[in-house]
Amino acid sequence: MNETSAKRKAALWVGAVFLLGAALGGVLGYVFAHHSVSAANQPQSEPERRAHRVEQLTRELSLTPEQAKQLDAILLQRHTQARVLHEQLDAQLDQVRQMGRNEIRAILSPEQKPKFEEFLRRTDEERKRNEPPLPR
């Protein structure tokens, strides 16, 4: 492998890592963004965000049409992987939450349990209101 080929390969790897980081950063940024969004500034769908990112990188990096197509496929694949991880994490968090609630129920008196259930109902409603929707 000559020096020019090695440099080109290294540059491609750096570019690929950058794009994967940008894709994952975009997905995670959306997930952890502020929860309240004004009606005039509704969040974009995942395909809209991805198309915008592809357009932006195509313009800034002067990507060829084939590179833009490959970039779109990469971003879609990484988004799908991040969504699966998010869903798995949510399920695990729910299990931990339920275990804690059951442990608390075990130490409460019969008079305290209805109050605790009402507290949990309010807490769950608040969490549902404040949770951002899972990006699709």
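The axes of helix H3 (residues 65-107) and helix H4 (residues 112-130) approach within 10 Å of each other and cross at roughly 160 degrees. Because angles over 145 degrees count as roughly antiparallel, H3 and H4 are assigned to that class. Their crossing is right-handed. On the H3 side, the contact is formed by Arg97, Arg101, Ile104, Arg105 and Ile107. H4 contributes Gln112, Lys113, Phe116, Glu117, Leu120, Asp124 and Arg127. By class, the residues of this contact comprise seven charged, four nonpolar and one polar. The model described here is predicted.

Phe116, one of the H4 residues in the contact with H3, was examined individually. Phe116 has a relative accessibility of 13%, and it counts as buried because the cut-off for that class is under 20%. When neighbours within four places in sequence are left aside, Phe116 is in contact with Arg101, Ile104, Arg105 and Leu108. Of these partners, Arg101, Ile104 and Arg105 are also listed among the H3 residues that form the contact with H4. Phe116 and Arg101 are separated by 15 residues in sequence, and their C-alpha atoms lie 9.2 Å apart in space. Arg101 is itself among the buried residues of H3.

The overall architecture consists of four helices and zero strands, and the order along the sequence is α-α-α-α. Of the 136 residues in the protein, 17% are buried. Among contacts between residues at least 6 apart in sequence, 61% join residues at least 24 apart.

Helix H3 takes part in the contact with H4 and also packs against H2. H3 contains 43 residues and spans 63 Å from its first C-alpha to its last, close to the 63 Å expected at 1.5 Å a residue. The buried residues of H3 are Ala68, Leu71, Leu75, His79, Ala82 and Arg101.

The packing of H2 against H3 was described in the same terms. The axes of H2 and H3 are 10 Å apart, and the packing angle is about 140 degrees. H2 and H3 are therefore oblique to each other, and their crossing is right-handed. In this contact, Glu46, Arg49, Arg50, Arg53, Val54, Leu57 and Thr58 of H2 meet Ala68, Leu71, Asp72, Leu75, Leu76 and His79 of H3. Six of the contact residues are nonpolar, five are charged and two are polar. The H3 residues in this contact include Ala68, Leu71, Leu75 and His79, which are buried.

The loop between helix H2 (46-61) and H3 contains Ser62. Although Ser62 is not a glycine, it has a positive phi of about 55 degrees. Ser62 is exposed, with a relative accessible area of 59%.

A further position was considered in helix H1 (residues 3-31), where Leu28 is found. Leu28 has a relative accessible area of 39% and is partly exposed. Leu28 and Arg83 are 55 residues apart in sequence, whereas the distance between their C-alpha atoms is 9.5 Å.

How values were computed:
Residues numbered from 1 in each chain as written. Predicted model: local features only at pLDDT ≥ 70, side-chain atom pairs only at ≥ 80, totals over all residues. Heavy atoms only, no water. Axes fitted to C-alpha atoms, helices over the stretch in contact; angles between N-to-C directions. Helix = DSSP H or I, 4+ residues; strand = E, 2+ residues; numbered from the N terminus. Parallel < 35°, antiparallel > 145°, perpendicular 65-115°, else oblique. Left-handed = near helix turned anticlockwise from the far one by under 90°. Contact = heavy atoms within 4.5 Å. Nonpolar A, V, L, I, M, F, W, Y, C, P; charged D, E, K, R; others polar. Expected span 1.5 Å × (residues − 1). Buried < 20%, exposed > 50% of the residue type's maximum accessible area, 1.4 Å probe, protein only.
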